[in-house]
Amino acid sequence: MRNTPSINTYSSKTTAIMMAVCLAMAAVICFGQIQGSTMLLIVIMALFLLVIALACYFRLAFAVLLFFLPWSPLIKVGLGQISFYTIALLSACLIYCFMQGFSLRIFQIVLPAVIISLTLIGKALQSNSIANNYLCFAALLVFFPCLTRDDSGSIDFWTLTVFFSVGIITAAFTAQQVVVYSNIAKYITVESYLKITRLSGFYGDPNFYAAHITACLAGVQLLLCYERDKTKQIVLTLLAVLLFYCGLLSASKMFIFTAALQFLIWIPALMKSQEYGSGRLRLIVGLLCAGAFILSSEAFRSLFRIIDNRFVYASDISELTTGRTELWKRYFYELTHNPLLLLFGEGFSAATLNNKASHNTIIQSFFQFGITGVPFIAAWMYSELRSIIERHMHMKPKWEYILLIVAGVAFPWMSLDIMFFDEFFLLPAYAVFSVVFVSGKSGRFRLPGERGLNTVGAK
């Protein structure tokens, strides 16, 4: 039925070529945005969709999508228009669905149907219209599990993490260089006040930008717990240092809290995972050298001073959370004093309370779906993530590794409204892939036909 080559056809060279294609595509997107020509950008967006189709052909779609996630605000024809990244994500899901013979599982039909019905009731009660983001969300509820379905083939968690890391790092440093061009500068937010400067790559919100980094950093930390190859340990350590630097650029208090929590979990886990001998000693020495570089580098020290200023100006809990505690109280009050809103929510609509977002995904879920819809959203998420690991249910991952990835992925959501973004689908799947990785002795999990950067012995 499938026309794609057998899994054994691919080698690490194929994946390396795909990485080169991604880097070239990112450069082309930047060039198009700098030029600002609508026709040129339309051609480039079409080329981007072809790259995603090629990634689907080689079963590398998820890794490529992670690479372009930090670039997604730039992947559009004009400011304020829909991102072609979302179109590419939905297209990849449909291509995988086609390759799987349009085989949908029961939860992909039943749960989305219930959620759509309840959200339509919420929209009717709150007089909200049906927008494009709602239609995309509904479609992804049905087809996103096709992208992550575990039926054949294999992929290394190394591949996902390297693609994600390179995407974050290149986007962050590129944004710093191209901000001088007026056409592309409108996609780059630089917050500067008092003695504080906050950068966020191509993302308008430093906290969303930092949420990518904490998730990816957790993946790098997990890989370091298991990696024995000297060269790969060096690569992972370098990626960790660069990711940490990019996170500091955001001057995000959320990033500092999350990164601190991750390191508190990771250090004991790292000591337990490494065997005694030269391997452990080499890794410890490498990490100490990386730490010494961070502490001695003027580039890092200047960022630490900015972070220190952010905390100095926070005199109470409200200022420490940048007013989030007050917002949470207002949302809680509104939900508890508006029975219809509490029951059905806003129906997944671009509505906020007094034009202020809740800055908390749990609160946002009740505000959008109500107490009738939240259980079905939770059931869909559970079913989607369980479908990834169902062939590995006999494996028992260590709790500290699960805690590490949950800290990196989910903890930032407590200060962000994530549900209207593609991260709502991609990052939980990335987290579960990491759990499967640490659950298996070989550090591998199965995904439709994909190959990893560290796959050996392929023909």
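# Notebook: pockets, cores and a cavity

I began with the second largest pocket, which has a volume of about 700 Å³. I'm working from a predicted model, and I keep that in mind throughout.

Who lines this pocket? I counted 27 lining residues. Met381, Leu385, Ala410, Trp413 and Pro428 are the ones that lie nearest its centre. I then checked which elements give two or more residues to this lining, and got α17 (361-389), α18 (399-409) and α19. Helix α17 has the largest share, 12 residues. By class, I noted 24 nonpolar residues, 2 polar and 1 charged in the lining of this second largest pocket.

**Next entry: the largest pocket.** I put down a volume of about 890 Å³ for the largest pocket. Its lining takes in 31 residues. Nearest the centre I found Lys76, Thr86, Phe420, Phe421 and Asp422. Which element gives the most to this lining? That's α6, with 5 residues. I listed α4 (84-99), α6 (132-148) and α19 (423-439) as each supplying at least two residues here. So much for location; I also looked at the classes, and the lining of the largest pocket splits into 16 nonpolar, 9 polar and 6 charged residues.

**Next entry: nonpolar cores.** I looked up the largest nonpolar core and found 137 residues in it. Phe62, Phe68, Trp71, Phe144, Leu147 and Phe202 have the most contacts inside this core. Helix α9 (residues 206-226) gives the most to it, 14 residues. Apart from this core I found another, of 6 residues, with Tyr331, Leu335, Leu341 and Ile363 among them.

How many cavities of 30 Å³ or more does the whole structure hold? My search came back with 1. About 50 Å³ of space lies in the largest cavity. I wrote down its lining: Pro70, Ile168, Ala171, Ala172, Ser200, Gly201, Phe202, Tyr203, Tyr209 and His212. I'd already met Phe202 among the residues with the most contacts in the largest core. Helices α7 (157-178) and α9 each supply at least two residues of the cavity lining, and α7 gives the most, with 3. Sorted by class, the cavity lining has 7 nonpolar residues, 3 polar and no charged.

Technical notes:
Residues are numbered from 1 along each chain as its sequence is written. This is a predicted model: local features need pLDDT of at least 70, side-chain atom pairs count only at pLDDT 80 or more; totals for chains, interfaces and linings use all residues. Side-chain values use heavy atoms; hydrogens and water are left out. On a 1 Å grid over the protein atoms alone, a cavity is a set of points where a 1.4 Å probe fits but cannot get out, and a pocket is an open set with protein on both sides within 12 Å along at least five of seven lines; lining residues have an atom within 4 Å of a point. Grid points are joined across faces, edges and corners, and a volume is the space filled by probe spheres set on the points. Helices (H or I, at least four residues) and strands (E, at least two) are DSSP runs, numbered from the N terminus. Ala, Val, Leu, Ile, Met, Phe, Trp, Tyr, Cys and Pro count as nonpolar, Asp, Glu, Lys and Arg as charged, and the others, Gly among them, as polar. A nonpolar core is a set of buried Ala, Val, Leu, Ile, Met, Phe, Trp, Tyr and Cys residues joined through side-chain atoms within 4.5 Å. Buried means under 20% relative accessible area, exposed over 50%, partly exposed in between (1.4 Å probe, protein chains only).
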